[in-house]
Amino acid sequence: MHPFASYVLRSYYKATGWNEDNLYANLTRSSSAILDFTVPRGLHLSISKSPNDLFKTTYSMTAMPSLNGSVGYIFTSCDLNVKDSGNVRFKDMIEHFKVYDQPHRPEARIEEWLAGERVDSRDYLLYGRYYLPTGRLDALYSRRISPTLQALVAAISDPHATITAGGRGRGDVSNIMLNLQHDVGKWCSEYTWSAEDGMWGVKFLHNFGRLGVPMDNSEDSERKIRNAGLKRVDEEDAVEGGLKGRVSVGAEFYFSAKERSAGVSTGIRFTTLPDATPPSFQIPPSSSTPLGLVSKGPLSPPQPPTTITALFNPMLGHISGAYSARVSRDLSLCSRFDFNVYSYESEWTMGAEWWLRRSIPPPPPTESDDAHVGAWPELPPGSLEARGDVHGVVKARASTNNDVSLMWEGRIRNMLVSLGVISDFSSRSKPIKAVGLELSYFSSG
């Protein structure tokens, strides 16, 4: 599950209208959510508190296999609607398979004026975490320079890591990294610099097709379009024998002045378009339902949400291809193949994601429902979860390297729980490599 700091950072991006999904670093986010999930090791406990909408504190402790802990503080310039661990939307705390909506151009904040002077400031976030007993310090500063420009400064200081096991120092591992992101919707570029090895990097991602509507108004716009009987800009006629979607192409280039080395990688992603009516691929309309009564013409089989990605690093000779799809309402599958053209080493990884729900009986029909049986039903956001409360998810992956991992994440009362196991079937002496349990609780107000 997401740490509390990551949850706050995502809430900050959402509140400021920044689209973190339109980055080259997140090109394979859908497949990585199923195949690269992190299994907790040992016993981990975290407690967080939000005294107000601007300031947050978080504390964590690991009891096994070694005893250590950390304390962190987060401050934002804008109010964040951070919920408690007991009522937060469960999927907001889990990295899961998702077909992300069309990229859009970030919008500027509404200007605030007082006595002829502009009083609103640029949004920013400050984060710091101190680890005990190692004394490591992590810091992050995020600043919104303009509606399409964002700057990040990350710093790491770990004084105890400068001494190796042999007693010889390997240099200061403290580092500072600068990141400048420019997102206009159609394309997004990143410029990075690392002080430790003097590495410069450039990343870009280009999206083909039309831009989507802004996030803040997407729900209202979709409702108006649906009520008017019109098509969305990303809704097209079904094509027999294929998937309809959009393509994104990106690349990165980095150069280290200290190591005098360089690298490059390229990637491409195909993802299906979001459905014009979100529940259409889970509940086929029939003649006995309101959806079936208003449908016109023959019904074509809906396309499953699908994401296909391919990466290539010519200098290292690494090729990776992944295919992920949601085959039912609660089940998503993914397969990835990695191959190196120089060493001929390969790995095939398969994974699955299964959501657990509590069934909720539908309310009994009333006379008003019978009177409006031919009307288009109102489908509020999150209506899929409203028909069955999501209370957990099971993730599993297996690879040709005999690595098998299984993890369950759920909510027990007001606490989020993660339980996982990592096994290696090739080792008869130690088939179970690690078992972990993570407990997380946070509150607001």
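A nonpolar core is a set of buried Ala, Val, Leu, Ile, Met, Phe, Trp, Tyr and Cys residues joined through side-chain atoms within 4.5 Å. Buried here means under 20% relative accessible area, exposed means over 50%, and partly exposed lies in between (1.4 Å probe, protein chains only). Please keep in mind that this is a predicted model, in which local features need pLDDT of at least 70 and side-chain atom pairs count only at pLDDT 80 or more, while totals for chains, interfaces and linings use all residues. Residues are numbered from 1 along each chain as its sequence is written, and side-chain values use heavy atoms, leaving out hydrogens and water.

**Figure 1. The whole chain and its confidence.** Welcome to the overview: the chain has 6 helices and 21 strands (DSSP runs of H or I with at least four residues, and of E with at least two, numbered from the N terminus). Of its 445 residues, 38% are buried. Contacts (heavy atoms within 4.5 Å) between residues at least 6 apart in sequence join residues at least 24 apart in 59% of cases. The average pLDDT (the predictor's confidence in each residue, from 0 to 100) is 80, and 75% of the residues score at least 70.

**Figure 2. The largest nonpolar core.** This core has 25 residues, and Tyr7, Phe90 and Phe442 have the most contacts inside it. At least two core residues come from each of α1 (4–16), β6 (124–132) and β18 (388–399). The largest share, 6 residues, is supplied by α1. Beyond neighbours within four places in sequence, Phe442 touches residues including Phe4, Tyr7, Val88, Met93 and Leu416. Ser48, Lys83, Asp84 and Ser85 are also among the contacts of Phe442. As background, nonpolar side chains tend to be buried together in soluble globular proteins.

**Figure 3. Arg269, a buried charge.** Look for Arg269 in strand β13 (residues 261–272). Arg269 is buried yet has no salt bridge, and the nearest side chain of opposite charge, Asp21, is 7.5 Å away. For charges, Lys and Arg count as positive and Asp and Glu as negative, with His and the chain ends not counted; a salt bridge puts a side-chain nitrogen of Lys or Arg within 4 Å of a carboxyl oxygen of Asp or Glu. A polar atom of the Arg269 side chain lies 3.5 Å from the backbone oxygen of Leu27. Not counting residues up to four places away in sequence, the contacts of Arg269 include Asp21, Asn26, Leu205, Arg246 and Thr307.

**Figure 4. Two cis peptide bonds.** The bond from Met64 to Pro65 is cis, with omega near 0°, and Pro65 sits in the loop between β2 (55–64) and β3 (68–76). The bond from Leu132 to Pro133 is cis too, with omega near 0°. Pro133 belongs to the loop between β6 and β7 (137–146).

Figure 5. Most residues other than glycine have a negative phi, and most peptide bonds are trans. Arg260 has a positive phi of about 55°; this residue lies in the loop between β12 (245–256) and β13 and is exposed, with a relative accessible area of 75%. Tyr344 has a positive phi near 65°. The loop between β16 and β17 (346–359) holds Tyr344, which counts as exposed at 63% relative accessibility.

Conventions. A polar contact is a pair of N or O atoms within 3.5 Å; within protein, one must be able to donate a hydrogen and the other to accept it, and residues adjacent in sequence count only if both atoms are side-chain atoms.
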